[in-house]
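Reader: Hi! I'm new to this one, could you walk me through it?
Author: Happy to, let's have a look together.

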Amino acid sequence: MASKAIKRRPCSADTDRPSEKGMETTVQDSIAEPLLGSSRREDKSKRYEPATRPDFWGETRRECLRWAHLLSTFIAQSATKIANVISKFGCLLARLFGYSSAPQNSQNGQTLPVNLSPLQEQRLRLLRQRLDVPYDCSSVEHQDALRELWRLAYPNRQLPPLKSDLWKEMGWQNSDPATDFRAGGFMSLENLIYFARNYPDSFHRLLHKADGKRAEWEYPFAVAGVNISYMLVQMLDLQSGNIRTKAGIHFVQLLEDDDTAFDNLFCVAFQILDAQWLATRASYMEFNEVLKSTRVQLEQELTIRSIYSIEDMPSFRMLKR
C-alpha cells in the first residue's frame, strides 16, 4: 500500500523557528528509517527517576515482567499456529464436500471480510474521518486537548504554556509539541488522552519508565505514541478504499461491539512496545526495530480465531487501570 502522510496545517510560529530534525513526515510501509528524530538525549536532571529498590524482590519483579512478556508472545504465536492448522483442515473438508467456508480473493487467496453491517460501516467511516484531521495549532479545540493531556499526565503540576521546554519531559522532541504530530495527526493526541483516562496506571508507568531496567537513552514517550498511531493505521490498511490486510479484516469485525476498538488497540500496542523494549534491552536507536516487532505481535494476536474483542487479545491483560 502506498503510504499516505497526514499533514498538519502550517502555523506561522513554525516559520520563525530554526528547523530541527524530527520524525519523518512520510513513513513507508517497510519503515526503513528510524521514526524518531535525532534529538539530543534527555536531560537526566529533568527526567523522572523512579525510586530504586536494590533488593531481591525488585530484581524478581523485573524478571517476572520479562518472562510474562515472553510467555504472552509464545501463547499468541502458538494460538495463531493452531488456528491456521484448524483453518487449513476446514478448507480441506470444504473442498472434499464441494463448498467454500469463506469468500476468497481471486488474486491472492486472502480471505475477504463478510459484508459489513450498517453499524460496522458507520464506525469504520467515522474512524477514517478521524485519520484525515491534522493537528492544527490554531484550533482552540486542539490546544485544549493538548492541555488536557498535560493535566492527565501531571495532575499536581502547573500547566505550562503551549510552547515550553517542559513539554520535553513528556517526550515531545521540541518545546512546541505541535511540530511533532505530523503523520499521526490529531487522532494520535486523542489516543494518548484515551490511554491516560482509561488505563491511568499503565499510562503513568510507561510515561515515567517505572518498569524494568531502563536504557541509558530511552525512547520519548509522547512521540512514540504518535508513531504507534500511524503504525496501526498502516497495519490495519485504514487509508485504502478496500481493506486487504488480515489484521485489518479481523479488526473491522470488532467494530460491531466496540466503537473504541482502535483506541483500545493503541493502548495494547503501547504496552507491547514497552514490554518488547525491556525484553530486548533496546536503546533509542533501536526504536524502529522494536516498533516492527510490536506490529508483528499485534498482527498475530488480532488474527487468532477466538478474538472477538480487543479485550480477548492475550496482551490486553498487561494493561492496568
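Reader: Thanks! Which residue just after α7 takes a positive phi?
Author: That is Asp-237, with a phi of about 60°. Helices here are DSSP runs of H or I with at least four residues, numbered from the N terminus. Keep in mind that this is a predicted model, where local features need pLDDT of at least 70, side-chain atom pairs count only at pLDDT 80 or more, and totals for chains, interfaces and linings use all residues. Residues are numbered from 1 along each chain as its sequence is written, and side-chain values use heavy atoms, with hydrogens and water left out.

Reader: How far does α7 reach from its first C-alpha to its last?
Author: It has 15 residues and reaches 21 Å, close to the 21 Å expected. The expected span is 1.5 Å times one less than the number of residues.

Reader: And is α7 mostly covered or mostly open?
Author: Mostly covered: 15 of its 15 residues are buried. Buried means under 20% relative accessible area, with a 1.4 Å probe and protein chains only.

Reader: What about Val-223, where is its place?
Author: Val-223 sits in helix α7, and its relative accessible area is 1%, so it is buried.

Reader: What kind of pair do Phe-203 and Phe-221 form?
Author: An edge-to-face one, 5.2 Å centre to centre with 90° between the planes. Phe-203 is in helix α6 and Phe-221 in helix α7, so the pair links parts 18 residues apart in sequence. They also belong to one aromatic cluster with Phe-195, Phe-266 and Phe-270.

Reader: Nice! Which residue lies over the face of Tyr-219?
Author: Lys-209, at 4.4 Å from the ring centre. For a charge to sit over a ring, NZ of Lys or CZ of Arg must be within 6 Å of the ring centre and within 35 degrees of the ring normal. Arg-157 lies over the face of Tyr-154, at 4.8 Å from the ring centre.

Key:
Phe/Tyr/Trp six-rings, centres within 6.5 Å; stacked < 30°, edge-to-face > 60°. Helix = DSSP H or I, 4+ residues; strand = E, 2+ residues; numbered from the N terminus. Buried < 20%, exposed > 50% of the residue type's maximum accessible area, 1.4 Å probe, protein only.
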